[in-house]
Structures are given as structure tokens and as C-alpha cells.
Amino acid sequence: MTNGTDAAGDMKAAAPAWRLMPERGSLTLIRFMVRVSLAVGRAPSRVLLWIGAAYFFVTGGAARRASRDFLARVLGRKPTPAEIFRHFFSFSTTVHDRIFLLKDRFDLFEIEVHGAELFDDQGALLMGAHFGSFEALRACGRGLAQRRVAMAMYEENARKVTEVLAAISPAAAQDIIALGRAEAMLEARRHLEQGALVGVLADRTLGDEATLPVEFLGATAHFPTGPMRMAAVLRQRVIFMAGMHRGGNRYEVRFEPLADFSGAEVDPVARTERIAEGVRAYAARLEAHAREAPYNWFNFFDFWERRP
């Protein structure tokens, strides 16, 4: 038996680094940024990005170290302070652009799309990461594929994201599926049966779920198996998604086939192996994109931390 203090300590030890990091920013600050940005336009309001990126660069010691570690892996050398700052600034840019994308101001951007031919009139599971801009991907789903795009995420994150979306675009806040509830899988299935696209970011774990150790950027990282297992249960094809910021107002969106569970049901052992194959394929595609566009990587914590 353990007492309450020990149990709390064990839970904290098991939690991944990103969940232990304090929230930066607030809804009040977000609402202020939204008002200013929409009032003066995208170009003039970008001055806020330099201020925000500089603040987090100076005060975010852990995030700075994580950026340095990641960039060293993809660049093959020690990054300069300017390159680390560029990493922070790229993140700030995608957050700022999110305001205009959620307001359907697609005219402000040049979005190049690859893989749109993969979509038909059926639903599909889009599997991405904290890499680039999901809003650019959502814009393509609404604009090019002519369909609704819902986002599935864990309940704690869903609550925070819904609050942020509601501050920018209340309509977008409705397209959130909070995982971890009994009805979440039924809700996702309903969206898919209606021909919607359901997106999930599959590169982070809550710390208390099944993971698969995978070689990633030269070291072992632990990827959650839950998103791929969800695709197997729902018997859906899986499409890898990445919305990379290419500088200025340019984004490049890519959709690539990743796995397909839409065929006949297989026995549990074979399904488990197919899920593992899917996770490894996902990690390989994410690594390739991270090497190609490293400043789009937005996991500012020790991604390769050891798991208990």
C-alpha cells in the first residue's frame, strides 16, 4: 500500500514531460492578440510575434534546451542561438496565422497541397503531429475536400483547445471530439460515417497508455499506440498529414497514405502486429518531415525521455 503522497509522486513520475510543463499564456492574452490582429491585419500585427518569441526564448529555459537537442539531431551539429530563436519564431507564426485561418481568411495565404487525390466521398482518419499548422490542414479539408474536419484529442487537451477556439471562432470549437469518454468512439464513428475527416495528433502520450518504442532521429522514442488502435477498431484507412510553414504566408500541406484497416477483420494477433507496423510507419514519415522542415517541430520538451 502507498499513502496519498506516494501515489501522487508516482503519478507525477509517470507523466510525460510535456504534461508537467506550465501553461504559457492565457485566454485573456489570446483574446487581446485576436482583437489586435483582426483590427490591424496580418502583416502589421506580426510585430507581436517578435515580442512573444523573444519573451519565451528568454524565459523558457527547458523549452530552449529541448529545441537545442532536437535541432542538433536534425541539423547534425550544435545549433546557433539564432537558429533556436528561429524555431520559437516559427511556432509563434503558426499560432498567429491560426487566427486568420480560423476566420476563413484563406486569401491571405498561399497553400500548396499534395495528396488531395487520396480523398473520395468516404471518411478517413488523418494522423498528424505537433508539427506545422493543423489549421492549414483543416482549411484544406473544408476547402478542397469539401467536407467537415473534426479533431480527436484527449479530454484534458480538448477542454483547453475548445476554450482557445471559442475565443477565436466559436464554430470551430464544435469540431472537437474529446477522447477518454465512453461515447467518444461512437462520436468519431458518426463523423466518419457522415464522410467527415477525423484528425488526431499521434506523437504525444499521456504517460498512462500503451506505447511502442521506435528508433526516431537517432534514439528511442515512445509513440502511443492508441491512435492507430482507434483506426483499427473503427476499420478506417489512415492518411498521414503535415501542414508545413514555408516562410512568409506560404504553407505546404501534404497527405500521404499510411495504413489501411478498412478491409476484412483479422485475428487479434495479426491486428496487433498491423497496429505496430502502422506506428512505425507513422514515426518514419514524421522523422522524414522533421528532417526536411525542422523549424516546424513544436514539441518543446524532452521527446526522448525514458518511460517507467
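This is a predicted model: local features need pLDDT of at least 70, side-chain atom pairs count only at pLDDT 80 or more; totals for chains, interfaces and linings use all residues.
Contact means heavy atoms within 4.5 Å. Leaving aside neighbours within four places in sequence, Phe223 is in contact with Ala202, Asp203, Ala210, Thr211, Leu212, Val214, Phe216, Val279, Tyr282, Ala283, Leu286 and Phe303. Phe223 sits in strand E7. Its relative accessibility is 0%, so Phe223 counts as buried. Phe223 and Val279 are 56 residues apart in sequence, yet their C-alpha atoms are 7.3 Å apart in space.

The chain as a whole comes next. Twelve helices and nine strands are present in the chain. The chain has 308 residues, and 49% of them are buried. Contacts between residues at least 6 apart in sequence were also sorted by separation; 75% of them join residues at least 24 apart. The accessible surface of the chain comes to about 14,800 Å². Carbon and sulfur atoms account for 56% of that surface.

The largest nonpolar core holds 85 residues. Within this core, Phe216, Phe223, Met228 and Tyr282 touch the most other members. Helix H7, which spans residues 81-102, gives the most to the core, with eight residues. Met228 has its own set of partners beyond four places in sequence. These are Met127, Val238, Leu258, Ala259, Phe261, Ile275, Gly278, Val279 and Tyr282.

Ser92 counts as buried because its relative accessibility is 12%, under the 20% cut-off. Apart from residues up to four places away in sequence, Ser92 touches Leu49 and Ala53.

Two cavities of 30 Å³ or more were found. The second largest cavity contains about 40 Å³ of space. Its lining consists of Met127, Ala202, Phe223, Pro224, Met228, Val279 and Tyr282. Strand E7 and helix H12 (268-292) are the elements that give two or more residues to this lining. By class, the lining has seven nonpolar residues, no polar residues and no charged residues. Three of the names in the lining, Phe223, Met228 and Tyr282, are also listed among the core members that touch the most others.

An open site was also characterised. The second largest pocket contains about 220 Å³ of space. It is lined by 13 residues, and those closest to its centre are Tyr154, Leu179, Met185, Gly226 and Met230. Helix H10 (184-193) and helix H11 each supply at least two lining residues. H11 gives the most to the lining of this pocket, with five residues. The lining comprises eight nonpolar, two polar and three charged residues. In the second largest cavity, by contrast, no charged residue is found in the lining.

Two residues other than glycine have positive phi values. Leu217 has a phi of about 55°. Leu217 is found in the loop between strand E6 (211-216) and strand E7 (219-224). Its relative accessibility is 4%, so Leu217 counts as buried. Arg235 likewise has a positive phi of about 55°. Arg235 lies in the loop between helix H11 (226-234) and strand E8 (237-245). At 37% relative accessibility, Arg235 counts as partly exposed, because that class lies between 20% and 50%.

Glu287 is placed in helix H12. Glu287 counts as buried because its relative accessibility is 19%, and the cut-off is under 20%. Glu287 and Leu217 are 70 residues apart in sequence. Their C-alpha atoms are 6.5 Å apart in space.

How values were computed:
Residues are numbered from 1 along each chain as its sequence is written. Side-chain values use heavy atoms; hydrogens and water are left out. A nonpolar core is a set of buried Ala, Val, Leu, Ile, Met, Phe, Trp, Tyr and Cys residues joined through side-chain atoms within 4.5 Å. Buried means under 20% relative accessible area, exposed over 50%, partly exposed in between (1.4 Å probe, protein chains only). Helices (H or I, at least four residues) and strands (E, at least two) are DSSP runs, numbered from the N terminus. On a 1 Å grid over the protein atoms alone, a cavity is a set of points where a 1.4 Å probe fits but cannot get out, and a pocket is an open set with protein on both sides within 12 Å along at least five of seven lines; lining residues have an atom within 4 Å of a point. Grid points are joined across faces, edges and corners, and a volume is the space filled by probe spheres set on the points. Ala, Val, Leu, Ile, Met, Phe, Trp, Tyr, Cys and Pro count as nonpolar, Asp, Glu, Lys and Arg as charged, and the others, Gly among them, as polar. Accessible areas come from the Shrake-Rupley method with a 1.4 Å probe; for residues, only the protein chains shown count as cover.
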